[in-house]
Amino acid sequence: MLGMLMRGYGVSLQIFFVTLLGALPLGVILALGRLSRFKPLSGLVALYISVMRGTPLMLQMFAVFFAPFYIFGIRTGSGYMYTAVMISFVLNYAAYFAEIYRSGIQSMPRGQYEAAEVLGYSAPQTFFHVILPQVVKRILPAMGNEVVTLVKDTSLAFSIGLAEMFTQSRALVASQRSMVPFALAALIYWVTCLVIEFLLRRAERRLSYYHD
Amino acid sequence: MTNRSRISIPRPDQSFASFAGLPAVYVHGATKSFGDRQVLRGIDLIINKGEVVSIIGPSGAGKSTLLRCLTLLDRFDGGTLAYGDVVVAKPASDGSGIEYDRESIPQARMRFGIVFQDYNLFPHRTVLQNVTDAPIIVQHRDRAKTEVEGRELLGRLGLAEHADKVPCQLSGGQQQRVAIARALAMHPKVIYFDEATSALDPRLTAQMHDLVRELARGGMAVGIVTHEMGFARDVSDRVAFLFDGEIAEEGTPEEVLGNPSDPRTRAFLARAED
């Protein structure tokens, strides 16, 4: 039983890490697009963020899953299920991260930009040396919330039939007529979140060497 | 425009055998409007090497706008601006407005530094990094040499033992000196102070006076924007009194503050003494 759960947990962790790996940088790009002075771009990104945050992730997952066939007539193999989950998770979480980045970037005082400008920093230098490091500290608590939510959201992949941990636990509950698999899965989710919270607290402590 | 004391202004767009005689800061006929409101109405100002010039005046006179335009954080919409032989902006060739030279702007930025009123230090960087970051990142100077120089600079400003702290661990006066070190590390020819002494007690103000004079002795051109008459009088070689977007009066501190000829200066000083 534990073996099945752990195999499922492996899949859940894969969804988790691939989503972070894709959505963290994609969120930066979206946030910069959202803050662009080029109106069509910022408008388009705003619309994207609004749709991604305003529709269910489960629906997005199915849309990505079925789109190749219904829109383009492409027959996808069974492996595409996994890809579809990753794509929809990355696209969805990038929208949430982008909003957090945006609020963090906008909370930076003008004076920081002006100091950098007068010292001759280019726009990318200002962003990477002055703004981004400070934004990371400011948004860490909000990012923590999202990341913890992501751990639990991986269970949404159940609905598409991906054998992640919740899918496995449900199958076990049905076959063994016992609640124990649910309890174990819950425990594993919870411990995962505890580990993440611990890591986040450590990161916050490491960044507490200064305050502004 | 009528009461301005005239000074002979060398034109940087004429050819000079040597640039040594050019003023460090040259502003001629500079104007700036926000919408319908004209904030600067033809400013003429020069600051020479080794000279301390204070720009004083009531709030709303245009001091901040002038300083923002001088430091290229904002743009004049008419006139000429040059740092030594680097002509940043001159009247447009078709006679309408002003033309900023894209290529001169980065060069000009390397010629001046500014100590902001609230310092705008980088809070996430140590004191030393605040001083060495820009030379390393922007000027691509050697890291090791820059750090040696940075520590030396901090030592001269009495901050040696604070080099590895972060700004929030320092007092306001110390933070201001970090901001000065950060500006000086770029080897500017001009340094501007925005309200140099507004946050300082009398002892620190005296220190600031000595520091500014020392910088000027070393050949630095110093521009100070302030509304504190006492400091301006003591530290400046020349004082320009800005009123309603015009330099109403300009001269030595004794002339402008001791025996003002412009009625607006007189009125302002009378009020300032209350």
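1. At 12% relative accessibility, B:Thr65 counts as buried. The structure is a predicted model, and every point below should be read that way. B:Thr65 sits in helix α1 of chain B, which covers residues 63–70. Leaving aside neighbours within four places in sequence, B:Thr65 is in contact with B:Lys32, B:Phe34, B:Val39 and B:Leu40.

2. B:Gly60 is found in the loop between β3 (52–56) and α1 of chain B. B:Gly60 has a relative accessible area of 70%. The cut-off for exposed is over 50%, so B:Gly60 is exposed. B:Gly60 and B:Gly245 are 185 residues apart in sequence, yet their C-alpha atoms are 8.6 Å apart in space.

3. Now the interface. On chain B, 22 residues are in contact with 19 residues of chain A. B:Phe122, B:His124 and B:Ile137 supply 32% of the area that chain B buries against chain A. The area buried between the two chains is about 1900 Å². Carbon and sulfur atoms give 65% of that area.

4. What about polar pairing between the chains? There are 8 residue pairs in polar contact between chain B and chain A, counting pairs with both residues at pLDDT 80 or more.

5. Side chains of opposite charge can pair when their charged atoms come close. Across the interface of chain B and chain A there are 2 salt bridges. In one salt bridge, the side chains of B:Arg68 and A:Glu114 meet at 2.9 Å, N to O. A:Arg110, A:Glu114 and B:Arg68 are linked in a network of salt bridges.

6. Over all chains, the structure holds 16 salt bridges. One of them joins B:Asp244 to B:Arg41, with the closest N and O atoms 3.7 Å apart. This pair links distant parts of the chain, 203 residues apart. B:Asp244 lies in the loop between β10 (238–243) and β11 (246–251), and B:Arg41 lies in strand β2 (residues 37–47). B:Asp244 is partly exposed, at 42% relative accessibility. B:Arg41 is also partly exposed, at 29%.

7. Which residue meets B:Arg238 in a salt bridge? The partner is B:Glu51, at 2.8 Å, N to O. B:Arg238 is in strand β10, and B:Glu51 is in the loop between β2 and β3, 187 residues apart. Both B:Arg238 and B:Glu51 are buried.

8. A further pair in chain B is B:Arg213 with B:Asp237, a salt bridge with the closest N and O atoms 3.4 Å apart. B:Arg213 belongs to helix α6 (residues 202–217). B:Asp237 belongs to the loop between α7 (229–235) and β10, and the two are 24 residues apart. B:Arg213 is partly exposed, with a relative accessible area of 22%. B:Asp237 is partly exposed at 29%.

9. Is B:Gln176 buried or exposed? B:Gln176 has a relative accessible area of 3%. Buried means under 20%, so B:Gln176 is buried. B:Gln176 lies in helix α5 (residues 172–184) of chain B. Not counting residues up to four places away in sequence, B:Gln176 touches B:Val115, B:Tyr119, B:Ala196, B:Leu200 and B:Met208.

10. How many disulfides does the structure hold? Over all chains, the number is 0. B:Cys69 is buried, with a relative accessible area of 0%. B:Cys168 is partly exposed, with a relative accessible area of 26%.

11. Last, the partner chain. Chain A has 8 helices and 0 strands. From the N terminus on, its elements run α-α-α-α-α-α-α-α. Along its principal axes, the C-alpha trace of chain A spans about 70 × 45 × 25 Å. Of the 212 residues in chain A, 41% are buried. Among contacts in chain A with a separation of 6 or more, 76% come from residues 24 or more positions apart.

Conventions. Residues numbered from 1 in each chain as written. Chains lettered and ligands numbered in written order. Heavy atoms only, no water. Disulfide = S-S within 2.5 Å. Buried < 20%, exposed > 50% of the residue type's maximum accessible area, 1.4 Å probe, protein only. Helix = DSSP H or I, 4+ residues; strand = E, 2+ residues; numbered from the N terminus. Contact = heavy atoms within 4.5 Å. Buried area = accessible area lost by both parts, 1.4 Å probe. Salt bridge = Lys/Arg side-chain N within 4 Å of Asp/Glu carboxyl O. Polar contact = N/O pair within 3.5 Å; in protein donor to acceptor, adjacent residues only side chain to side chain.
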